[in-house]
Amino acid sequence: MASVRPYKESDKERVQHICLANAECLDKPESLQKYILIMYCNYYIEQEPGNCFVAVNDEDEAVGYIICSENYDTYEERFKDLYLNQCAAISPTKYVEAKLDLLSHSMFKKQYPTHFHIDIDDNYQRMGLGSLLISTLKAHLRKKNINSMMMVCGEDNQKAIDFYKKNGFKDLITTKMGHAMGLEFED
Ligand SMILES: CC(C)(COP(=O)(O)OP(=O)(O)OC[C@H]1O[C@@H](n2cnc3c(N)ncnc32)[C@H](O)[C@@H]1OP(=O)(O)O)[C@@H](O)C(=O)NCCC(=O)NCCS
């Protein structure tokens, strides 16, 4: 039976693997893998590990995660300081892409300062783990007096959009950067 617990440093490799696998990047060039990890994984687990949770199997091996940044302004400042130069080192295009990606979370920062990424290993999807990770993060944020969270997914990622709708998220906007959805905690 899988369950959810706080992220630990020893989960890092598994979390990075799931991130690359779900981005269909395991067989892609190292530079692309590096970019995906910088943008969608490393900031959160390195800078805000206390806002990250993993779903684990019976062997306590991570099979999914939810990784979160609780405040956009802090995220932007630290990201620009510590990670943007890593994107620039990959290529000028990746630097521009990274800056655009930052914007996709900034648009709603007043109403939704908190954003997150979630991924479940293929073999563990549709078992309720994603929903459990969402409710775990929500309870964690509420304790910190945070009352909303948002994310951006691919506009053609219908199974993810259905998943978020099922978990109470509403549509915010669709741009070239993806489909933004937000959840305000009411209960
Ligand atoms: C999207 C994702 C996080 C959902 O987590 P999950 O543990 O699979 O979802 P849950 O079991 O908690 O919820 C199931 C609901 O999600 C949606 N869903 C999840 N997987 C689905 C699939 N393969 N096909 C269709 N709908 C799916 C459905 O609405 C489903 O409800 P239903 O079973 O009543 O139809 C997970 O499937 C995943 O990691 N997918 C690949 C990566 C991804 O898209 N990440 C999100 C990027 S923003």
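Predicted model: local features only at pLDDT ≥ 70, side-chain atom pairs only at ≥ 80, totals over all residues.
**Exercise 1. Describe the fold and the overall dimensions of the chain.**

Begin with the secondary structure. The chain contains seven helices and seven strands. Their order along the sequence is β-α-α-β-β-α-α-α-β-α-β-α-β-β.

Next, consider the extent. The C-alpha trace spans about 45 × 35 × 30 Å along its principal axes.

Finally, compare the radius of gyration with the expectation for a globule. For 187 residues, a compact globule would have a value near 16 Å; the chain has 16 Å, so the two agree.

**Exercise 2. Determine where the ligand sits and which elements surround it.**

First, locate the site: the ligand takes up the space of the largest pocket. Then identify the elements that contribute two or more residues to its shell, namely β4 (115–120), α6 (129–143), β5 (148–153) and α7 (158–166). Of the elements, α7 gives the most, with six residues.

Now classify the shell. It consists of nine nonpolar, six polar and five charged residues.

**Exercise 3. Identify the residues that come nearest to the ligand and the polar contacts made with it.**

Start from the shell of 20 residues: Arg126, Gly128, Gly130, Ser131 and Lys166 come nearest to the ligand.

Proceed to individual atom pairs, for which the cut-off is 3.5 Å between N or O atoms. In one, a polar side-chain atom of lysine 166 lies 2.7 Å from a ligand oxygen. In the other, a backbone N or O atom of glycine 130 is 2.8 Å from a ligand oxygen. A further pair places a polar backbone atom of isoleucine 118 at 3.3 Å from a nitrogen atom of the ligand.

Conclude with the cover: on its own the ligand has 900 Å² of accessible area, of which the protein covers 78%.

Key
Residues numbered from 1 in each chain as written. Heavy atoms only, no water. Near = heavy atom within 4 Å. Polar contact = N/O pair within 3.5 Å; in protein donor to acceptor, adjacent residues only side chain to side chain. Areas by Shrake-Rupley, 256 points an atom, 1.4 Å probe, with all protein chains shown as cover. 1 Å grid on protein atoms, 1.4 Å probe; cavity = no way out; pocket = protein on both sides within 12 Å on 5 of 7 lines; lining within 4 Å. Sits in = over half its atoms within 2 Å of the grid points. Helix = DSSP H or I, 4+ residues; strand = E, 2+ residues; numbered from the N terminus. Nonpolar A, V, L, I, M, F, W, Y, C, P; charged D, E, K, R; others polar. Rg over C-alpha atoms; globule rule 2.2 N^0.38 Å.
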